[in-house]
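Try each task yourself before you read the solution.

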Protein chains: 2
Amino acid sequence: MEISTIFGYIAATSTTVSFIPQVIKTKNTKSISLLMYSVYLVGIIMWLVYGIMLNEAPIIIANIITLMLSGTIFILKIVHG
Amino acid sequence: MEISTIFGYIAATSTTVSFIPQVIKTKNTKSISLLMYSVYLVGIIMWLVYGIMLNEAPIIIANIITLMLSGTIFILKIVHG
């Protein structure tokens, strides 16, 4: 494994793990802007496409997990408003 | 410019732009966990190192801007508690 990949995995783990409490806390989705969250989700999908194009596992894995977590918040927002 | 780089720039712009209203709204930093925010900041720095190692401009630029934005929130948290 290359050193850059190790740094990538540390990065992916840190930003993903720190995102989880935010997901748990976000029971009230009223404070979230639907427009800004849509832009964010498009961004995550673009990072995923970019990671696949570069064939870089840390980018791909981090963005699949973030997409699942933020996708859940997005659905809660759509359902509960 | 490679197609992957264009996707990277769209990704970087989307996730960074959607982060800005969150920074503006975060006047009350009491709701932020210092531990989780520290983990997040370490993650951003690791993504930056990873981007530099891969020599990928979208990763480098996105994480420098995110580091400045989230670094500002972190300092506000330290100062105001």
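This is a predicted model: local features need pLDDT of at least 70, side-chain atom pairs count only at pLDDT 80 or more; totals for chains, interfaces and linings use all residues.

**Exercise 1.** Work out whether Asn63(B) is buried or exposed, and find what its side chain reaches.

*Solution.* Start by placing the residue: Asn63(B) sits in helix H4 of chain B, residues 57-80. Next, check accessibility. The cut-off for buried is under 20%, and Asn63(B) has 8% relative accessibility, so it counts as buried. Then follow the side chain, which reaches the backbone oxygen of Ile59(B) at 2.8 Å. Finally, look beyond residues up to four places away in sequence: Asn63(B) touches Ile44(B), Trp47(B) and Leu48(B).

**Exercise 2.** Check the span of helix H1 (residues 3-17) of chain B, then find what covers its buried residues.

*Solution.* Now pick out the buried residues of H1(B), among them Gly8(B), Ala11(B) and Ala12(B). Their cover includes helix H2 (34-54) of chain A, along with helix H2 (20-25) and H4 of chain B.

**Exercise 3.** Describe the contact between chain B and chain A.

*Solution.* Count first: 32 residues come from chain B and 32 residues from chain A. Then the area: about 2600 Å² is buried, with carbon and sulfur atoms giving 78%. Phe7(B), Trp47(B) and Tyr50(B) supply 23% of what chain B buries there, more than any other three residues. For the polar side, the rule finds 0 salt bridges and 4 residue pairs in polar contact. Last, sort by helix: H3(B) gives the most to chain B's side, with 12 residues.

Note on methods:
Residues are numbered from 1 along each chain as its sequence is written. Chains are lettered from A and ligands numbered from 1 in the order in which they are written. Side-chain values use heavy atoms; hydrogens and water are left out. Helices (H or I, at least four residues) and strands (E, at least two) are DSSP runs, numbered from the N terminus. Buried means under 20% relative accessible area, exposed over 50%, partly exposed in between (1.4 Å probe, protein chains only). A polar contact is a pair of N or O atoms within 3.5 Å; within protein, one must be able to donate a hydrogen and the other to accept it, and residues adjacent in sequence count only if both atoms are side-chain atoms. Contact means heavy atoms within 4.5 Å. The expected span of a helix is 1.5 Å times one less than its number of residues. Buried area is the accessible area (1.4 Å probe) that two parts lose on being put together, summed over both. A salt bridge is a side-chain nitrogen of Lys or Arg within 4 Å of a carboxyl oxygen of Asp or Glu.
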